[in-house]
Amino acid sequence: MKENGKLFVISGSSGVGKGTLLKELLYQHPDLKLSISATTRKPRPGELDGVNYFFTKKEDFELAVKNGEFLEWAEFNGNYYGTKEAYVRKKLSEGKNLILEIETRGALQIKEKLPDSILIFILPPSYEELEHRLRGRNTEDEETIQNRLKEANREIECSKQYDYRVVNDDIKRALAELETIINENINK
Ligand code: 5GP
(Lines give C-alpha, C1' and ligand atoms only; values in the text may rest on other atoms or scores of the structure.)
Protein backbone atom coordinates (compact mmCIF):
# COMPACT_ATOMS: atom_id res chain seq x y z
CA MET A 1 0.00 0.00 0.00
CA LYS A 2 1.19 3.51 -0.81
CA GLU A 3 2.09 5.86 1.98
CA ASN A 4 -0.41 8.62 2.72
CA GLY A 5 0.16 12.03 1.15
CA LYS A 6 0.62 15.19 3.22
CA LEU A 7 -2.12 17.73 3.74
CA PHE A 8 -1.14 21.41 3.63
CA VAL A 9 -3.63 24.14 4.48
CA ILE A 10 -2.86 27.66 3.27
CA SER A 11 -4.75 30.76 4.37
CA GLY A 12 -4.18 34.47 4.14
CA SER A 13 -6.19 37.67 4.02
CA SER A 14 -7.45 38.93 0.71
CA GLY A 15 -4.96 41.27 -0.93
CA VAL A 16 -1.96 39.49 0.57
CA GLY A 17 -0.81 37.96 -2.71
CA LYS A 18 -1.72 34.41 -1.70
CA GLY A 19 -3.08 33.60 -5.17
CA THR A 20 0.17 34.52 -6.95
CA LEU A 21 2.26 32.59 -4.43
CA LEU A 22 0.11 29.49 -4.78
CA LYS A 23 0.16 29.64 -8.56
CA GLU A 24 3.97 29.75 -8.55
CA LEU A 25 4.22 27.00 -5.96
CA LEU A 26 1.95 24.65 -7.93
CA TYR A 27 3.80 25.45 -11.14
CA GLN A 28 7.11 24.46 -9.57
CA HIS A 29 5.70 21.45 -7.70
CA PRO A 30 3.63 19.19 -9.94
CA ASP A 31 3.70 16.75 -7.00
CA LEU A 32 1.32 19.06 -5.12
CA LYS A 33 -2.37 18.96 -5.90
CA LEU A 34 -4.78 21.80 -5.16
CA SER A 35 -7.97 20.52 -3.56
CA ILE A 36 -11.23 21.66 -5.17
CA SER A 37 -13.82 22.99 -2.72
CA ALA A 38 -17.57 23.14 -2.96
CA THR A 39 -19.16 26.59 -2.76
CA THR A 40 -22.57 28.18 -3.04
CA ARG A 41 -21.10 31.37 -4.50
CA LYS A 42 -21.74 32.07 -8.18
CA PRO A 43 -18.89 31.44 -10.64
CA ARG A 44 -16.89 34.52 -11.62
CA PRO A 45 -16.18 35.09 -15.32
CA GLY A 46 -13.77 32.41 -16.52
CA GLU A 47 -14.33 30.08 -13.56
CA LEU A 48 -15.31 26.50 -14.37
CA ASP A 49 -17.27 23.93 -12.42
CA GLY A 50 -15.01 21.09 -11.27
CA VAL A 51 -11.90 23.18 -11.96
CA ASN A 52 -12.06 26.23 -9.70
CA TYR A 53 -14.83 24.98 -7.44
CA PHE A 54 -17.69 22.53 -7.40
CA PHE A 55 -20.43 25.14 -7.73
CA THR A 56 -23.28 23.87 -5.59
CA LYS A 57 -26.87 24.92 -4.86
CA LYS A 58 -27.47 26.14 -1.31
CA GLU A 59 -29.94 23.34 -0.55
CA ASP A 60 -27.52 20.68 -1.84
CA PHE A 61 -24.72 22.15 0.28
CA GLU A 62 -26.94 22.16 3.37
CA LEU A 63 -27.93 18.55 2.73
CA ALA A 64 -24.26 17.54 2.45
CA VAL A 65 -23.58 19.32 5.78
CA LYS A 66 -26.47 17.42 7.36
CA ASN A 67 -25.11 14.13 5.99
CA GLY A 68 -21.69 14.87 7.51
CA GLU A 69 -19.94 14.90 4.11
CA PHE A 70 -17.66 17.85 4.88
CA LEU A 71 -14.29 17.62 6.56
CA GLU A 72 -14.75 21.34 7.19
CA TRP A 73 -17.00 24.09 6.00
CA ALA A 74 -17.57 27.78 6.76
CA GLU A 75 -19.65 30.76 5.75
CA PHE A 76 -17.64 33.56 4.18
CA ASN A 77 -19.09 36.79 2.73
CA GLY A 78 -22.57 35.29 2.77
CA ASN A 79 -21.64 32.10 0.89
CA TYR A 80 -20.81 28.59 2.03
CA TYR A 81 -17.46 26.97 1.27
CA GLY A 82 -16.44 23.44 2.19
CA THR A 83 -14.08 20.53 1.64
CA LYS A 84 -15.55 17.08 1.10
CA GLU A 85 -14.04 14.47 3.42
CA ALA A 86 -14.22 11.58 0.91
CA TYR A 87 -12.34 13.67 -1.69
CA VAL A 88 -9.48 14.50 0.69
CA ARG A 89 -9.15 10.99 2.13
CA LYS A 90 -9.10 9.45 -1.35
CA LYS A 91 -6.34 11.77 -2.62
CA LEU A 92 -4.25 11.29 0.53
CA SER A 93 -4.63 7.50 0.43
CA GLU A 94 -3.42 7.60 -3.19
CA GLY A 95 -0.25 9.19 -1.84
CA LYS A 96 -1.04 12.66 -3.26
CA ASN A 97 0.17 15.74 -1.40
CA LEU A 98 -2.79 18.06 -1.16
CA ILE A 99 -3.07 21.82 -0.68
CA LEU A 100 -6.25 23.35 0.67
CA GLU A 101 -6.58 27.08 0.13
CA ILE A 102 -9.23 27.92 2.69
CA GLU A 103 -10.10 30.52 5.31
CA THR A 104 -9.14 30.27 8.98
CA ARG A 105 -12.31 28.80 10.52
CA GLY A 106 -12.13 25.84 8.14
CA ALA A 107 -8.37 25.49 8.62
CA LEU A 108 -8.74 25.12 12.38
CA GLN A 109 -11.46 22.49 11.90
CA ILE A 110 -9.02 20.53 9.72
CA LYS A 111 -6.26 20.72 12.33
CA GLU A 112 -8.62 19.36 14.95
CA LYS A 113 -9.70 16.41 12.78
CA LEU A 114 -6.35 15.73 11.11
CA PRO A 115 -3.61 16.83 13.55
CA ASP A 116 -0.89 15.84 11.06
CA SER A 117 -2.06 18.51 8.62
CA ILE A 118 0.28 21.47 8.20
CA LEU A 119 -1.22 24.94 8.54
CA ILE A 120 0.51 27.86 6.81
CA PHE A 121 -0.67 31.47 6.98
CA ILE A 122 0.47 34.16 4.53
CA LEU A 123 0.88 37.51 6.28
CA PRO A 124 1.12 40.98 4.77
CA PRO A 125 4.38 42.84 5.60
CA SER A 126 2.33 45.25 7.72
CA TYR A 127 -1.23 46.35 8.36
CA GLU A 128 -0.55 49.58 6.45
CA GLU A 129 0.68 47.60 3.46
CA LEU A 130 -2.43 45.40 3.49
CA GLU A 131 -4.68 48.47 3.56
CA HIS A 132 -2.65 49.99 0.73
CA ARG A 133 -2.98 46.79 -1.37
CA LEU A 134 -6.71 46.50 -0.73
CA ARG A 135 -7.29 50.15 -1.66
CA GLY A 136 -5.03 49.78 -4.69
CA ARG A 137 -7.54 47.45 -6.30
CA ASN A 138 -9.78 50.50 -6.69
CA THR A 139 -12.84 48.38 -7.26
CA GLU A 140 -14.59 48.51 -3.91
CA ASP A 141 -16.44 51.07 -1.84
CA GLU A 142 -15.25 52.23 1.60
CA GLU A 143 -17.65 49.98 3.52
CA THR A 144 -16.41 46.87 1.68
CA ILE A 145 -12.79 47.86 2.30
CA GLN A 146 -13.47 48.42 6.02
CA ASN A 147 -15.17 45.00 6.23
CA ARG A 148 -12.24 43.31 4.50
CA LEU A 149 -9.79 44.99 6.88
CA LYS A 150 -11.81 43.88 9.90
CA GLU A 151 -11.93 40.34 8.56
CA ALA A 152 -8.20 40.45 7.81
CA ASN A 153 -7.50 41.44 11.42
CA ARG A 154 -9.60 38.57 12.74
CA GLU A 155 -7.78 36.12 10.50
CA ILE A 156 -4.33 37.43 11.45
CA GLU A 157 -5.28 36.91 15.11
CA CYS A 158 -6.37 33.33 14.27
CA SER A 159 -3.10 32.66 12.48
CA LYS A 160 -1.29 32.50 15.83
CA GLN A 161 -2.64 28.94 16.01
CA TYR A 162 -1.03 27.98 12.66
CA ASP A 163 2.14 25.89 12.35
CA TYR A 164 3.89 28.46 10.11
CA ARG A 165 3.45 32.13 9.26
CA VAL A 166 5.09 33.42 6.08
CA VAL A 167 5.37 37.17 5.49
CA ASN A 168 4.83 38.09 1.85
CA ASP A 169 7.21 41.05 1.80
CA ASP A 170 8.85 39.89 -1.41
CA ILE A 171 7.32 37.27 -3.67
CA LYS A 172 10.58 35.44 -4.43
CA ARG A 173 11.68 35.31 -0.81
CA ALA A 174 8.23 34.24 0.43
CA LEU A 175 8.04 31.54 -2.24
CA ALA A 176 11.44 30.17 -1.21
CA GLU A 177 10.33 30.06 2.44
CA LEU A 178 7.10 28.32 1.46
CA GLU A 179 9.02 25.75 -0.58
CA THR A 180 11.37 25.03 2.33
CA ILE A 181 8.37 24.40 4.60
CA ILE A 182 6.72 22.12 2.04
CA ASN A 183 9.91 20.15 1.29
CA GLU A 184 10.74 19.70 4.98
CA ASN A 185 7.30 18.31 5.71
CA ILE A 186 7.01 16.11 2.61
CA ASN A 187 10.31 14.47 3.46
CA LYS A 188 9.49 13.93 7.13
P1 5GP B 1 -13.36 33.26 -3.12
O2 5GP B 1 -14.85 33.44 -3.12
O3 5GP B 1 -12.64 34.57 -3.25
O4 5GP B 1 -12.91 32.23 -4.12
O5 5GP B 1 -12.95 32.67 -1.68
C6 5GP B 1 -13.32 33.34 -0.52
C7 5GP B 1 -12.66 32.69 0.69
O8 5GP B 1 -13.12 31.35 0.85
C9 5GP B 1 -11.13 32.60 0.59
O10 5GP B 1 -10.58 33.05 1.82
C11 5GP B 1 -10.88 31.13 0.41
O12 5GP B 1 -9.65 30.75 0.99
C13 5GP B 1 -12.04 30.52 1.16
N14 5GP B 1 -12.35 29.13 0.77
C15 5GP B 1 -12.30 28.57 -0.46
N16 5GP B 1 -12.65 27.28 -0.41
C17 5GP B 1 -12.90 26.99 0.90
C18 5GP B 1 -13.28 25.80 1.62
O19 5GP B 1 -13.45 24.71 1.07
N20 5GP B 1 -13.46 25.92 2.95
C21 5GP B 1 -13.26 27.09 3.63
N22 5GP B 1 -13.43 27.08 4.94
N23 5GP B 1 -12.90 28.22 2.98
C24 5GP B 1 -12.72 28.18 1.65
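This is a predicted model: local features need pLDDT of at least 70, side-chain atom pairs count only at pLDDT 80 or more; totals for chains, interfaces and linings use all residues.
A polar atom in the side chain of Arg41 is 2.6 Å from a ligand oxygen atom. The backbone contributes through Gly82, of which a polar atom is placed 3.2 Å from an oxygen atom of the ligand.

The shell around the ligand holds 15 residues, the closest being Arg41, Tyr53, Tyr81, Glu101 and Glu103; a residue is counted if one of its heavy atoms lies within 4 Å. By class, six of the shell residues are charged, five nonpolar and four polar. Strand E5 (70-76) and strand E6 (79-84) each give two or more residues to this shell.

Nine aromatic pairs were counted, the criterion being ring centres of Phe, Tyr or Trp (its six-membered ring) within 6.5 Å, with planes under 30 degrees apart termed stacked, over 60 edge-to-face and the rest tilted. Among them, Phe61 and Trp73 are edge-to-face, at 6.2 Å centre to centre and 70° between the planes. Because Phe61 belongs to helix H2 (residues 58-66) and Trp73 to strand E5, this pair ties together parts 12 residues apart in sequence.

Residues are numbered from 1 along each chain as its sequence is written, and side-chain values use heavy atoms, without hydrogens and water. Local features require pLDDT of at least 70 and side-chain atom pairs pLDDT 80 or more, whereas totals for chains, interfaces and linings use all residues.

Terms used:
A polar contact is a pair of N or O atoms within 3.5 Å; within protein, one must be able to donate a hydrogen and the other to accept it, and residues adjacent in sequence count only if both atoms are side-chain atoms. Helices (H or I, at least four residues) and strands (E, at least two) are DSSP runs, numbered from the N terminus. Ala, Val, Leu, Ile, Met, Phe, Trp, Tyr, Cys and Pro count as nonpolar, Asp, Glu, Lys and Arg as charged, and the others, Gly among them, as polar.
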